[in-house]
There are 2 protein chains.
Amino acid sequence: MNHIVFTRQAEVVLQEKLTGTPPESIFILADENTTAHCRQLFGNGLAREEHLIVIEAGEAHKSLESVARIWSVLTAKGAKRNSVLVNVGGGLVTDIGGFAASCFKRGIRCMNVPTTLLSQVDASVGGKTGINFGGFKNEIGTFSIPEWVIIDNRFLATLPERQLLSGFAEMLKHGLLAGEEHLTEILVADPAKAAETAFLPLIQKSVAVKEQVVEADPTERGVRKALNLGHTAGHAIESVAIARNAELYHGDAVAYGLIAELYLSVKKTGFDAQWYEQIRHFIRRAYPAYHPLATPDELYELMLHDKKNDRAGVNFTLLEKPGTFIIDNYCEKNEIIEALEQL
Amino acid sequence: MNHIVFTRQAEVVLQEKLTGTPPESIFILADENTTAHCRQLFGNGLAREEHLIVIEAGEAHKSLESVARIWSVLTAKGAKRNSVLVNVGGGLVTDIGGFAASCFKRGIRCMNVPTTLLSQVDASVGGKTGINFGGFKNEIGTFSIPEWVIIDNRFLATLPERQLLSGFAEMLKHGLLAGEEHLTEILVADPAKAAETAFLPLIQKSVAVKEQVVEADPTERGVRKALNLGHTAGHAIESVAIARNAELYHGDAVAYGLIAELYLSVKKTGFDAQWYEQIRHFIRRAYPAYHPLATPDELYELMLHDKKNDRAGVNFTLLEKPGTFIIDNYCEKNEIIEALEQL
């Protein structure tokens, strides 16, 4: 965690971290929604206006083309190995920017200033970078820990509640992985207040859950798979939504995925049925109703292709109880279909 | 060095290293020139015919488009995280394949079977991967050490002497970095005999020079810059040749670069003038005459853009004597121009 700063003064922290780096070596990546934040962060002359690279928002732009555009600008403006790319935005920006930085001249410096709840508690920390390719999410990417992640929840003030809810699904997942105490804190928290000072310690706690797992296994050979809870089913649901151009937030998909995978946990690893019902009820109350865009059979086929699965079948992280997870649970097709029918 | 095997039976070693990996998880990358070697290596049913990916030969194809094609095939054929990409070919194939493997699903297994002298003593070892971008060599890439490198100099039997000479320039560089004893061995060796059994120990010694440096500094923050000897000027010369579509081997450019940089070593770091004359004479006798495709001024501008240079100017690795190098020598423009006039 010592490369992650939790603050209500991102511009001050950023200035401190960039002390000694000349303006010609600083590049900023943002999307259409976060350029305003960049003015706040860099308006003091810290960086040059023409070093701001703006990519289009939206999952469809998490593409090799966007990365190539970033590389073209870096090349054209003479970025060097000791240049730094500061990614200001949601998970799309930090994922693409992190990937671009990790491959440009075989790796330049990289800092993240996440501006959505989802990127603050998940995407911007842990070192996973990536883009979509061939219709699959994050098919291409690297593991590359940013030099600094600066988390300031004032940025969340302008976000619609739907987007805060999306990030909150990852906090719920972290609560499930952490144990009853943190889980209970999450279940009574109000994501609508995520931008308030009092919410920052909850974000910090949530990030700490992720960091503990990542530090034990940065390249996901073992325990890091814990973080896949809710994501095996969730990614399949999200892939379909992307393919059909349907409005669905990542956190919605994860929330639905959590229902399916906690159901599997009840069936396979002895997770308490009452906890399952309580979480399911919480998700159904907080998140939009699930509209199936694909049959359970189609979702199963997509899961088979997930990069976390190998030839032995579809691989789930399941819970024994809050705080106790078991990785590498291979489930049969009929079990998975039944779980998906609970959504 | 314990992930590098020197052998005269690559097919046997490869079979051993792939024991336990099912055919559906094995992918092979080759170029038009090396598909024949693949039949020899995999003809025993080790891998599936349709898992052979063939890219076009030539520096112009060391591109993002080639990498995207590899990723498309891996996606289409259902490659997983535990799949392995075996790169069979010269530096172009191992550089592109290494990069493709290091980013596909954030990193799959990778093995190199280098088939040129240049890739055996340099490109296939040390973990640098990359593609050209925006007109610059290896502008995009990663540091990623392959699981195994299998070096079999029987593959060199079919190579034209011009190509063997190209790899030999890197052996000369390693000799200069190693010291008088190994340098003298190199100066009396005959690259035309590189495919013979007696030459394999010389390749092994040359690779050991590189590996010793790489192990001390895998991501080129310090001493690895030693390996840039001859390459600061060499890369600029090669960039021009690529841009003008001129026939020039990498090793030719390095050989010319060595002349310029040993001249700078005489002027700046006390390298013995007689050694300089001897190496210059050796290069002029062995390599084609230098045909300037750009003025020294134009080459200087290109060096300023080299990824190994920062804002302080053009950065050279120079020699005090054979075996003793000094990294981070910043030279003035007039010194560099004078050195380039010696070619």
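How many residue pairs are in polar contact between chain A and chain B? In this predicted model, in which local features need pLDDT of at least 70, side-chain atom pairs count only at pLDDT 80 or more and totals for chains, interfaces and linings use all residues, residues are numbered from 1 along each chain as its sequence is written. Chains are lettered from A in the order in which they are written, and side-chain values use heavy atoms, with hydrogens and water left out.

The count between chain A and chain B is 12 residue pairs in polar contact, both residues being at pLDDT 80 or more; a polar contact is a pair of N or O atoms within 3.5 Å, where within protein one must be able to donate a hydrogen and the other to accept it, and residues adjacent in sequence count only if both atoms are side-chain atoms. The side of chain A that touches chain B receives two or more residues from each of α3 (64-76), α4 (91-103), β7 (136-140) and α12 (296-305) of chain A, helices (H or I, at least four residues) and strands (E, at least two) being DSSP runs numbered from the N terminus. The largest share of that side, 5 residues, comes from α3(A).

The contact (heavy atoms within 4.5 Å) takes 39 residues from chain A and 40 residues from chain B. The area buried between the two chains, taken as the accessible area (1.4 Å probe) lost on putting them together and summed over both, is about 3,500 Å², of which carbon and sulfur atoms give 54%. Across this interface 4 salt bridges are found, a salt bridge being a side-chain nitrogen of Lys or Arg within 4 Å of a carboxyl oxygen of Asp or Glu. Glu220(A) forms a salt bridge with Arg81(B), the closest N and O atoms being 2.8 Å apart.

When superposed by least squares on the C-alpha atoms of residues with pLDDT of at least 70 in both copies, chain A can be laid on chain B with an RMSD of 0.0 Å by a turn of 180 degrees and a shift of 0.0 Å along the axis. The two copies are thus related as by a two-fold rotation axis. Because 100% of the interface residues of chain A are also interface residues in chain B, the copies meet through the same surface.

Within chain A, Thr35(A) is found in helix α2 (residues 35-42) and is buried (under 20% relative accessible area, with exposed over 50% and partly exposed in between; 1.4 Å probe, protein chains only), with a relative accessible area of 16%.
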